[in-house]
Amino acid sequence: LTACPWVNINGGVSGANCTRNALTAIKLIKRWEITQAVLILIFSTTSLILGGAYMACFAVFPQKMWRYPLSLAFWIYVCDFFVSLQFIIASSLRLQYHNPESNQSWLIASEPEVLCSFPPDSGEHHPGCFCSGGVMSFMLQAGVSGSIAFFCAMTHNEYRSIRNPFTKPRSRLPLYHLICW
């Protein structure tokens, strides 16, 4: 039982005393997932819009915004853009998902391959199947890692500028990009 990567809550078993409890659990899980997906969609869309507006400032005011070290901040927001986009895709796929069998059973799995085969013989698969290709994971990891790396580069630039005020800070820019990317 410990090697099983999934659990199926089945509320359609006739004659079982736990049918009502299983149906209640399925409704609670669905309500929790939908609430979570709506909140994630709201916050990630807000983050995407505000980050996009900040990046648009670089196109509108290039003389002021592209000055060093703000150019490093631009790349932080580009990386955050991918994180927000990943959350928007995941939450909108969950909100669009409708399983015709979901009122009778609910599958909880730790492996996306199990979700992709449930429900059997139906044309619609769980939104967790979308994650199995690795694109969403790559977007999340590259976004988070890149954002942190560029923030560390800005922090290091601040430290080196205070420590050695006679070196041009912009001379470190190619090294920062090499390390961060």
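**How the terms apply**

Analyst: The count comes to 1 salt bridge, a term for a side-chain nitrogen of Lys or Arg within 4 Å of a carboxyl oxygen of Asp or Glu. The model is predicted: local features need pLDDT of at least 70, side-chain atom pairs count only at pLDDT 80 or more, and totals for chains, interfaces and linings use all residues. Residues are numbered from 1 along each chain as its sequence is written, and side-chain values use heavy atoms, without hydrogens or water.

User: How many helices and strands does the chain have, and in what order do the elements run?

Analyst: The chain has 6 helices and 2 strands. From the N terminus on, the order is β-α-α-α-β-α-α-α.

User: Why is V78 called buried?

Analyst: V78, in helix 3, has a relative accessible area of 14%. Buried means under 20%, exposed over 50%, and partly exposed in between (1.4 Å probe, protein chains only), so V78 is buried. R94 and E33 are buried too, and 30% of the 181 residues of the chain count as buried.

User: Why is D80 called partly exposed?

Analyst: D80, also found in helix 3, has 28% relative accessibility, a value between the two limits, so D80 counts as partly exposed. The C-alpha atom of D80 is 5.6 Å from that of G143, although 63 residues separate them along the chain.

User: What makes a set of residues a nonpolar core, and which residues form the largest one?

Analyst: Such a core is a set of buried Ala, Val, Leu, Ile, Met, Phe, Trp, Tyr and Cys residues joined through side-chain atoms within 4.5 Å. The largest has 9 residues: Y68, L72, I76, C79, F150, A153, L173, Y176 and C180. Helix 3, helix 5 and helix 6 each give two or more residues to this core. A second, separate core of 5 residues includes M55, F58, M65 and V78. In soluble globular proteins, nonpolar side chains tend to be buried together.

User: What is C180 in contact with, leaving aside its neighbours within four places in sequence?

Analyst: C180 is in contact (heavy atoms within 4.5 Å) with A149, F150 and A153.

User: How do you know that the span of helix 5 is close to the expected one?

Analyst: The expected span is 1.5 Å times one less than the number of residues. Helix 5 (residues 135–163) has 29 residues, and its first and last C-alpha atoms are 41 Å apart, close to the 42 Å expected. Its buried residues are M136, M139, G143, G146, S147, F150, A153 and N157. What covers them includes helix 3 (70–96) and helix 6 (173–180).

User: Why are I34, V38, L39, I42, F43 and L95 called a nonpolar patch?

Analyst: Patches are made of residues with over 30% relative accessible area and no salt bridge; like charges are joined within 9 Å, and nonpolar side chains (Val, Leu, Ile, Met, Phe, Trp, Tyr) within 5 Å. L39, in helix 1, has a relative accessible area of 42%, so L39 passes the area limit. Together the six residues have about 520 Å² of accessible area, computed by the Shrake-Rupley method with a 1.4 Å probe, where for residues only the protein chains shown count as cover. Helix 1 (residues 19–60) gives the most to the patch, with 5 residues.

Technical notes: Helix = DSSP H or I, 4+ residues; strand = E, 2+ residues; numbered from the N terminus.
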